[in-house]
Amino acid sequence: MPLFAYRIVPTAFMASKAAAPYIAGGGGGSIPRRVVVCGGGVIGVCTAYFLACKSAGCLSVIVVEKSSIASAASGKAGGFLALDWCDGTPVSELARASFLLHRQLADLLDGPRTYGYRPLTTLSLSVSASATSGSRTSALPPWVDCPTASMLRKIGTPETTAQVHPQLFTRALLSFATAEHGVQVVYGDVQRIELNGTGDCAAGVSFRDGRTLSADAVVLALGPWSGRLPLVSSLFNVSGLKAHSIVLRPQEPNAISPHALFLRYQPTPASETLDPEVYPRPTGEVYICGLLKEAIPPDDPEEIVCEPGSIAMLHEIAATVSSHLKVGAAELVAEQACFLPCTDDGLPVIGEIPGAKGCYVATGHSCWGILNGPATGASLAELIMEGSATTVNLKPFSPARFLRGK
């Protein structure tokens, strides 16, 4: 099967609302026979992959997606990976475990070829659009030819920072999961989670078009859209942070060295400093992002529109940083926006929803969703299959933490 192909689940799986029976698991517990993972982004796909791997064929895993795989932030993010940037925070263990899992997955899936995985050096730069402020530092990569650019410090090495093309990574992992582990895909707009007769256990999902899909465990990995479901919104808030990005293809891609840039950019001497990021990709493209703002996501990720002012500023930043990225010197590949899922306490939510056995949620990863996808998926698979996670301690991320405020 081609690497990026995936199968559509047969209609026979569109069954009644009755949950599939549980089967005996190790340690005297039980594991579900069928799990529905709602969301075809990086978190959902990683969860589906690790569930299928861990079950060794005894579990039916179905990914439900509304539009297309990696259609939202998982397709439009930068794909930057960092080993230790979350050290000293509750996310440290998750980030470190996930960074190493990315390496292992890149070995398994030929990541450098199939989705642009590569280690890289990361620099912090100060850049001003004013030609009279500052002077260019000679230690900068040659393609960063802005006369006012100065390097503040090196903030990542090939041992501690890396990158993937997030859309290609998500689709490659799902393709492998379908071809090698039988994961299946259903397209539909999830309207609600079906519970059993006593209302305390997951029984499946219902779609807006009236179809139902039975399951005895459900994972909600819908990014900021997770909060559209009452089971989630009644417990905690998931908001959206709108992020813009552009993708350019320089005429001389070989001139662009593998240096990720984190900028302090000042459009004018009196203006507020911005924090854009620049990621050259091994495909020959250069990704530039930044300019975050709180906003309400539309119902459909395909309906997200860019704000012209934000896109114009990103083009200005690109042209200031490098003459290789100016209009006319680089082909425009994409102008886009996506929504990063955020929680009120700034931490992701990963675990079983209190009062709804067999219903799990994984969202709120903010700008670190691509990095933390593998460890989130591996840990959640362990929780579902074994009753506890060993890859990462999920207690800091449990949905139950929000009960204290209710």
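This briefing describes the domains, the interface and the salt bridges of one predicted model. The chain is divided into domain 1 (34-103 + 165-236 + 347-403) and domain 2 (121-157 + 240-343), with bounds that come from an automatic or database domain assignment. Residues are numbered from 1 along each chain as its sequence is written, and side-chain values use heavy atoms, without hydrogens and water. Local features need pLDDT of at least 70 and side-chain atom pairs count only at pLDDT 80 or more, whereas totals for chains, interfaces and linings use all residues.

**Confidence**
- The chain has a mean pLDDT of 90, and 90% of its residues reach 70 or more; pLDDT is the predictor's confidence in each residue, from 0 to 100.
- Over residues 1-29 pLDDT stays under 50, and the model has 80 contacts beyond four places in sequence for them (contact means heavy atoms within 4.5 Å).
- Where pLDDT is low, the predicted coordinates should not be read in detail.

**Domain arrangement**
- The centres of domain 1 and domain 2, taken over C-alpha atoms, are separated by 30 Å.
- Domain 1 gives 25 residues to the contact and domain 2 gives 25 residues.
- About 2,100 Å² is buried between domain 1 and domain 2, 61% of it on carbon and sulfur atoms; buried area is the accessible area (1.4 Å probe) that two parts lose on being put together, summed over both.

**Salt bridges**
- The whole structure contains 13 salt bridges, each defined as a side-chain nitrogen of Lys or Arg within 4 Å of a carboxyl oxygen of Asp or Glu.
- Lys 54 and Glu 386 form a salt bridge through their side chains (2.9 Å, N to O).
- Because Lys 54 lies in helix H1 (residues 42-55) and Glu 386 in helix H8 (residues 369-386), the pair ties together parts that are 332 residues apart in sequence; helices (H or I, at least four residues) are DSSP runs, numbered from the N terminus.
- One salt bridge is found across the interface of domain 1 and domain 2.
- A salt bridge also joins the side chains of Arg 228 and Asp 299 (2.4 Å, N to O).

How values were computed
Helix = DSSP H or I, 4+ residues; strand = E, 2+ residues; numbered from the N terminus.
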